Amino acid sequence: MSRILVFGCTSAIAIEAARTWASRKERLFLVARDPQKLQVLAGDLRARGATQVETLVMDALDFDRHPSLLETAEQALGGPIDRVLVAHGVLSDEARGRADYGAAERDLKVNFLSVVSILTPIANTFEARKQGVIAVIGSVAGDRGRQSNYLYGTSKAAVATFLQGLRNRLWKSGVAVVTIKPGFVDTPMTAHLQKSPLFASPQKVGRGIVRAMDRRRDVVYLPAFWRPILLAVIHIPEALFKKMSL
Ligand SMILES: NC(=O)c1ccc[n+]([C@@H]2O[C@H](COP(=O)([O-])OP(=O)(O)OC[C@H]3O[C@@H](n4cnc5c(N)ncnc54)[C@H](OP(=O)(O)O)[C@@H]3O)[C@@H](O)[C@H]2O)c1
């Protein structure tokens with residue numbers, strides 16, 4: 001049985017991963033900023049079979065609380081955490097971010113800097129213990145900057161590079177670092193977007209995250225068809241790409 005720590009667990013994608021873990025009777029420590037959603041989710045996961053569910057209300061921007069989170073979770077669950085999933089994120093309002101640096105900075109803090117701050121002490125502890133799996137939800141948007149979403153894409157690219165370095169550092173200690181790159185997923189984050197066949201369900205992506213963490217994968221595109229699409233996109237020459245309306 002695993003002890004699993006989930007940040008941003010009220011995300012539609014993270015809920016589906018947590019439901020899979022609950023059906024496997026895992027022990028879960030859930031962190032999110034909305035106390036009501038958190039309580040409803042905890043009840044749902046207990047009803048689905050989780051052996052133990054504990055919760056903590058925290059905004060990801062509450063950086064001062066990050067250093068003590070792992071210890072808090074381990075005390076609550078009564079033993080060492082094996083797996084960590086970081087799921088929180090915001091889809092930047094690109095127009096607002098272009099007009100107002102403060103808005104852009106806030107999104108970068110949520111999507112990138114909070115991830116670094118949360119994972120720094122956890123990575124050090126897992127490295128010393130020589131075990132653990134760390135996964136973060138990035139995005140295909142981080143693979144190439146486009147005019148329509150380059151602020152969001154920048155934050156996800158930064159996450160991917162941070163995780164790449166962390167993976168390179170931690171593999172010799174037996175710690176797996178998994179970068180999750182979903183394409184479009186039908187969640188509250190994309191509620192305002194017109195749906196197309198490219199959209200996946202949060203159930204499919206949530207289950208894919210659990211599988212990727214079980215298999216200690218390095219980088220996973222979800223669904224998998226995004227890998228060849230992004231491979232093609234990143235190889236378009238910049239001289240041509242800059243003229244495209246994407
Ligand atoms: N949906 C997509 O198409 C898509 C594609 C690629 C990657 N992703 C990534 O997948 C992850 C999950 O997103 P989702 O699609 O499941 O959307 P979602 O349901 O809207 O989830 C976003 C989550 O982030 C949390 N959050 C935002 N700001 C926060 C803050 N300051 N402190 C704490 N929590 C905060 C939200 O909390 P509240 O519940 O309190 O609002 C919510 O739980 C994100 O990292 C997103 O960037 C999504």
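This is a predicted model: local features need pLDDT of at least 70, side-chain atom pairs count only at pLDDT 80 or more; totals for chains, interfaces and linings use all residues.
Helix H5 spans residues 101-129. Helix H6 covers residues 150-170. Two packed helices are described by the angle between their axes and the distance between the axes. For H5 and H6, the angle is about 10 degrees and the axes lie 9 Å apart. H5 is therefore roughly parallel to H6, since angles under 35 degrees fall in that class. On the H5 side, the contact is made by Ala104, Asp107, Leu108, Asn111, Phe112, Val115, Val116, Ala123, Phe126 and Glu127. H6 contributes Leu151, Ser155, Lys156, Ala158, Val159, Phe162, Leu166 and Leu170. By class, the residues of this contact comprise 13 nonpolar, two polar and three charged.

Glu127 belongs to H5 and takes part in the contact with H6. Glu127 counts as partly exposed because 17 C-beta neighbours lie inside 10 Å; a buried residue would need 20 or more, and an exposed one 12 or fewer. Leaving aside residues up to four places away in sequence, Glu127 touches Leu170, Ser173 and Val175. Of these, Leu170 is one of the H6 residues in the helix contact. Leu85 lies 42 residues from Glu127 along the chain. The C-alpha atoms of Glu127 and Leu85 are separated by 17 Å.

Terms used: Residues are numbered from 1 along each chain as its sequence is written. Helices (H or I, at least four residues) and strands (E, at least two) are DSSP runs, numbered from the N terminus. Two residues are in contact if their C-beta atoms, placed from the backbone, lie within 7 Å. Axes are lines fitted to C-alpha atoms, for helices over the stretch in contact, and angles run from 0 to 180 degrees between N-to-C directions. Angles under 35 degrees count as roughly parallel, over 145 as roughly antiparallel, 65 to 115 as roughly perpendicular and the rest as oblique. Ala, Val, Leu, Ile, Met, Phe, Trp, Tyr, Cys and Pro count as nonpolar, Asp, Glu, Lys and Arg as charged, and the others, Gly among them, as polar.
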